[in-house]
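Open the model in your viewer and keep the selection tool at hand. Each stop below names what to pick and what to look for.

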Amino acid sequence: MKGVIVVLFSAFVTTYASPYWLSENVVGDEFYRFFEFESIPDPTHGRVNYVDEHTARTSNLTYAKDDTFVLRADDATVLNPDGPGRNSVRIRSRKTYTNHVAVFNIRHMPQGCGTWAAVRETLEANQPYGGVVDIIEGVNDQAPNLITLHTTSGCTMPSNREQTGTTTQLDCDVSVNHNAGCGVKAQATDSYGPSFNNIGGGWYAMERQSDGIKMWFWPRNDPSVPQDVKYGEFEANPEHWGVPVANFPNTSCDFNEHFSEHNIIINLTLCGDWAGNTYSQSGCPSTCIDFVNNNPGAFKEAYFDFESVNIYLHPDEYVTELVDI
């Protein structure tokens, strides 16, 4: 009977393929259910100590209430130069996803010298073979947001494609240009850092399909925010969202080959391979490591404040997921 139910629903939804259906509405305390805490050495070699859930809760590095989930770094401790890094948080979704839409409603992101904030999708155990999708990423308050794909060799992007952002590199291969990836810089300066926070944040959205990946951003004060994005409606239809900030088509990249199922990862590191290496060019004082060690008060604004994370699936995948429960 279970198989019959799937077949019947699949026959229905194949004629209803454009919109996606809401699969997960992650708000407040639901973040603790949807995500797990990764108390691991920082893969990007930052001056942080990623803590477990118990430590994060008791140290107030994460807290949830109503439609708020906050994730932040310690802002009270002067560090021993020979000891562990500043306590921070890295969380990973318990589920993995392939084709889907993800909408991140964020009021505030980490800011400050030495910060490196990220929201990305990847399968950590398989990197770089399963691909990496950087949805939100930046360092040292340097706007705008940088959206990037990282893959093994054989995945490149066309120079001309419909997007509002600016292409930084066409080759997604991690072995090219020190793993810069095929990036796109958002046009909006309020897409990252203090400018983003000053307007109350905004919405980031990603659509992943076998024929490519697209990204959008709408600032909080943008009157053109689609209703399905703004209000987290049951149906989301990216076809109505306009030209994306970043567009990664499958013209010269087999997405089924280069991208596996992915977890969603949210983390805040300090210094490390990118923020540390570009620190001296950012106008920040001292050295990155010394600044992080000796200035805890500088990290009072180093936090994410999420209103929600919404995950949408195609109707046939959505129904299959329901039946499999």
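Predicted model: local features only at pLDDT ≥ 70, side-chain atom pairs only at ≥ 80, totals over all residues.

**Stop 1: the cores**

Select Phe104, Leu149, Met157, Tyr204, Phe248, Phe304 and Phe306. These residues have the most contacts inside the largest nonpolar core, which has 66 residues. Now colour strand E19, residues 303-313. Strand E19 gives the most to this core, with five residues. Another core, of 13 residues, lies apart from it; Trp203, Ala205, Trp218 and Tyr312 are among its members.

Go back to Met157. What does methionine 157 touch, not counting residues up to four places away in sequence? Its partners are Leu149, Leu170, Cys172, Cys182, Phe248, Pro249, Cys253 and Phe255.

**Stop 2: the disulfides**

Show the cysteine sulfurs. The count comes to four disulfides. With the bonded cysteines numbered in sequence order, the pairing is 1-7, 2-5, 3-4, 6-8.

Pick cysteine 113 and cysteine 284 first. Their S to S distance is 2.1 Å. The torsion about the S-S bond is -90°, and the link is left-handed. Cysteine 113 sits in the loop between strands E8 and E9, and cysteine 284 in the loop between helices H7 and H8, so the pair ties together parts 171 residues apart in sequence. Cysteine 284 counts as buried, at 12% relative accessibility.

Next, select cysteine 155 and cysteine 253. Their sulfur atoms are 2.1 Å apart. The S-S torsion is about -95°, so this disulfide is left-handed. Cysteine 155 lies in the loop between strands E11 and E12; cysteine 253 lies in the loop between strand E17 and helix H6, 98 residues apart. Both cysteine 155 and cysteine 253 are buried.

Move to cysteine 271 and cysteine 288, a disulfide with sulfur atoms 2.1 Å apart. This link is left-handed, with -105° about the S-S bond. Cysteine 271 is in the loop between strand E18 and H7, while cysteine 288 is in helix H8, 17 residues apart. Cysteine 271 is buried at 1% relative accessibility. Cysteine 288 is buried too, with a relative accessible area of 6%.

**Stop 3: aspartate 228**

Select helix H5, residues 227-230, and find aspartate 228 in it. Is aspartate 228 buried or exposed? Its relative accessibility is 11%, so aspartate 228 counts as buried.

Show its surroundings. Beyond four places in sequence, aspartate 228 contacts Glu233, Glu235, Ala236, Asn237, Trp241 and Tyr312. Draw the distance to tryptophan 241: a polar contact of 3.1 Å joins the two side chains.

Definitions and conventions
Residues numbered from 1 in each chain as written. Heavy atoms only, no water. Core = buried A, V, L, I, M, F, W, Y, C linked by side-chain atoms within 4.5 Å. Buried < 20%, exposed > 50% of the residue type's maximum accessible area, 1.4 Å probe, protein only. Helix = DSSP H or I, 4+ residues; strand = E, 2+ residues; numbered from the N terminus. Contact = heavy atoms within 4.5 Å. Polar contact = N/O pair within 3.5 Å; in protein donor to acceptor, adjacent residues only side chain to side chain. Disulfide = S-S within 2.5 Å.
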